[in-house]
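Could you show me how to read this structure, one feature at a time?

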Amino acid sequence: MTTPLPVVLAGARGHGRWHVQNIRRLQERGLVRLAGICELTPLTEEEFGGELPAQSADFGALLDSTGARVAVICTPIPTHTDLALTAARRGVHLLLEKPPAPSYAEFRRMADGVAEAGVACQIGFQSLGSHAVPAIRELIADGAIGEVTGVGGAGAWARDEAYYRRAPWAGRRRMNGVDVIDGALTNPLAHAVATALALSGATRAEDVTAIETELWRANAIEADDTSCVRVTTTGGRPVTVAATLCAERPDEPYVLVHGSRGRITLWYKQDRVLLQRADHGPQESEHGRTDLLENLVEHLTTGADLLVPPDTTGAFMRVVEAIRQAPDPAPLPDSAWHLLAGEHRRVVPGVDGLVAAAADTLALYSELGAPWALGNALRNDRKEVSTR
């Protein structure tokens, strides 16, 4: 019987609570042992829901004292690189939450440092652990929808105004002179971008040649809450992803693979696939999912391939960089949104349809005739991406 791998979790509040539950699940199976929690303010037993492991605000010291083999990092975006390198220098393997970094330079510093240290690093795009992804790739390779002509992504979600008050960095582009880039496409709906790129076959930084962005905000924040991006890839397949956190009727996000003889839709949070093609009835299937921490443990114990190593998120980080370098998101005119008082959230009428149309046509908001985008079509920021 293998000895459970000692794990330290950095960031156990907020989304970190999900990691606590997941580590407990794997602990019950004898795969890992939660050896420590790093939080600036210690958790109470009541908050944790049981007897606490070792705690410290000093991440490096906690790794040393617990003998951790694996660190799960679920902390504010600007802290990811330094914490990852703190672990890597100690030979501790990593599960690093998405987005891996707030800029391409920070991403490269992290990825290069991890590679130099010789430790394994998994980036926390859970959707890329879905068995639907290889199933769709197989359908594409078999010619089920003919030649792939492009990939769209759509995310129509809702976040109330309290969402942007949950942490000092929430909804910020930068804070205290440091990049944060907490926008709709780079954080809450980052999976739509990463999954669309993965299904297009463009995952590495060198697979991207140009990126166009349109960034808007209805909320009183710095970052975008209603935005779209179009990526030009070396394979010639455009990837357009549209997102909003101001939906009228929030719905499941999805990725849409367009082909010359059909299309494939993946609702990536549900691992649900719909194949539609000429001369065939629609075919729907549901798929399992491999947990990324479990995959990391299998990699360390049996040599299984990592599902999401850093270099396979390079294309996503090119998108983050284009958004970082773009002009600050433009505020939508007051006439373009209203406050849904009962839910304390801002809604952009018609945006649900625009998000779906962008995924369906691979067009940007301004090209779709969004009234609030037309007057600022010149803000469409196109970045040629150097691969050197």
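**Reading the model piece by piece**

Q: Which residues line the second largest cavity?

A: Phe125, Leu128, Ala194, Leu197, Thr203, Thr312, Thr313 and Phe316 line it. On a 1 Å grid over the protein atoms alone, a cavity is a set of points where a 1.4 Å probe fits but cannot get out, a pocket is an open set with protein on both sides within 12 Å along at least five of seven lines, and lining residues have an atom within 4 Å of a point. The second largest cavity holds about 40 Å³ of space, volume being the space filled by probe spheres set on points joined across faces, edges and corners. The count by this rule is 2 cavities of 30 Å³ or more.

Q: Before we go on, what kind of model is this?

A: This is a predicted model, where local features need pLDDT of at least 70, side-chain atom pairs count only at pLDDT 80 or more, and totals for chains, interfaces and linings use all residues. Residues are numbered from 1 along each chain as its sequence is written, and side-chain values use heavy atoms, with hydrogens and water left out.

Q: What about open spaces: what volume does the largest pocket have?

A: The largest pocket has a volume of about 1,300 Å³. Its lining is made of 40 residues, and Gly14, His15, Cys74, Thr75 and Trp169 lie nearest its centre. By type, that lining comes to 21 nonpolar, 11 polar and 8 charged residues.

Q: And what volume does the second largest pocket have?

A: About 200 Å³. It is lined by 13 residues, and those closest to its centre are Leu128, Val133, Arg137, Leu307 and Val308. Helix H6 (residues 132-141) gives the largest share of this lining, with 3 residues; helices (H or I, at least four residues) and strands (E, at least two) are DSSP runs, numbered from the N terminus. The lining of this pocket has 6 nonpolar, 6 polar and 1 charged residue.

Q: Stepping back, how many helices and strands does the protein chain have?

A: There are 11 helices and 20 strands. The chain's radius of gyration is 21 Å, close to the 21 Å that the globule rule gives for 388 residues, so it is as compact as a globular protein of that length. That radius is taken over C-alpha atoms, and the rule is 2.2 Å times the number of residues to the power 0.38. Along its principal axes, the C-alpha trace spans about 60 × 50 × 45 Å.

Q: What share of the residues count as buried?

A: Buried means under 20% relative accessible area, exposed over 50%, and partly exposed in between (1.4 Å probe, protein chains only). Here 57% of the 388 residues count as buried.

Q: How many residues of helix H9 are buried?

A: In H9, 10 of the 12 residues are buried, so the helix is largely enclosed by the rest of the structure. Among them are Phe316, Met317, Arg318 and Glu321. From first C-alpha to last, H9 (residues 314-325) reaches 16 Å, close to the 16 Å expected at 1.5 Å a residue; that expected span is 1.5 Å times one less than the number of residues.

Q: And how many residues of helix H7 are buried?

A: H7 (residues 190-200) is mostly covered, with 11 of its 11 residues buried. After H7 comes Gly201, with a positive phi near 85 degrees.

Q: Which residues does Pro53 contact?

A: Contact means heavy atoms within 4.5 Å. Leaving aside neighbours within four places in sequence, Pro53 touches Leu34, Ala35, Gly36, Ile37 and Phe48. Pro53 sits in the loop between helix H2 (45-48) and strand S3 (54-56), and it is buried, with a relative accessible area of 17%.

Q: Where is there a cis peptide bond, and which residue has a positive phi?

A: Most residues other than glycine have a negative phi, and most peptide bonds are trans. A cis peptide bond joins Lys98 and Pro99, with omega about -15 degrees. Asp279 has a positive phi, near 65 degrees, and is exposed, with a relative accessible area of 80%. Leu362 has a positive phi near 65 degrees too, but Leu362 is buried, at 12%.

Conventions
Nonpolar A, V, L, I, M, F, W, Y, C, P; charged D, E, K, R; others polar.
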